[in-house]
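Colleague: Before we use this model, I would like to go through its fold, its surface and its contacts with you, one question at a time.

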Amino acid sequence: MSIFVGALLGLALFFGLVFAVKFFSDGDVVPGVLSSLVASAPVVVLLHGAVRNRIRSLPRKPVREPPPRAVVLRRRRAVVLALLIALALAVVLA
């Protein structure tokens, strides 16, 4: 993150808080909430960057090899058989 982005985030945080306090003290709730959202945006940006960097720094799991073709065919056969049984039961019970 460059210094200019940091400066813009700091300005958004500062003026968002200043205007939120001003609006809430005057009793204007909607502009106060919107100013609070503006003030919270830099915090969200920084937290997002921190979480993304943490996730990227974690070690990767090794890629698993796909199961053998016979196992895949057995699973498909079991699924088709289960669907046929469910279809037969639906026809009988209907």
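Predicted model: local features only at pLDDT ≥ 70, side-chain atom pairs only at ≥ 80, totals over all residues.

Modeller: Residues are numbered from 1 along each chain as its sequence is written, and side-chain values use heavy atoms, with hydrogens and water left out.

Colleague: In what order do the elements of the protein run from the N terminus on?
Modeller: Helices (H or I, at least four residues) and strands (E, at least two) are taken as DSSP runs and numbered from the N terminus. The protein has three helices and zero strands. Read from the N terminus on, the order is α-α-α.

Colleague: What percentage of the 94 residues is buried?
Modeller: Buried means under 20% relative accessible area, exposed means over 50%, and partly exposed lies in between (1.4 Å probe, protein chains only). The accessible surface, from the Shrake-Rupley method with a 1.4 Å probe, in which only the protein chains shown count as cover for residues, comes to about 8200 Å², of which 75% belongs to carbon and sulfur atoms. The buried share of the 94 residues is 9%.

Colleague: Which residues form the nonpolar patch on the surface?
Modeller: Patches are made of residues with over 30% relative accessible area and no salt bridge, nonpolar side chains (Val, Leu, Ile, Met, Phe, Trp, Tyr) being joined within 5 Å and like charges within 9 Å. One of the members, L11, is found in helix α1 (residues 3-26) and is partly exposed, with a relative accessible area of 45%. Together the members have about 580 Å² of accessible area, and they are L8, L11, F14, F15, V18 and F19.

Colleague: Which side chains meet in a salt bridge?
Modeller: A salt bridge is a side-chain nitrogen of Lys or Arg within 4 Å of a carboxyl oxygen of Asp or Glu, and the structure holds one. The two partners are separated by about one helical turn, because they are four residues apart in helix α1. At an N to O distance of 3.6 Å, the pair is K22 and D26.

Colleague: How far apart in space are P67 and V18, C-alpha to C-alpha?
Modeller: P67 is found in the loop between α2 (29-57) and α3, and P67 is partly exposed, with a relative accessible area of 38%. P67 and V18 are 49 residues apart in sequence, and their C-alpha atoms are separated in space by 60 Å.

Colleague: How far apart in space are I85 and S57, C-alpha to C-alpha?
Modeller: I85 lies in helix α3 and counts as partly exposed at 48% relative accessibility. I85 and S57 are 28 residues apart in sequence, and the C-alpha to C-alpha distance is 48 Å.
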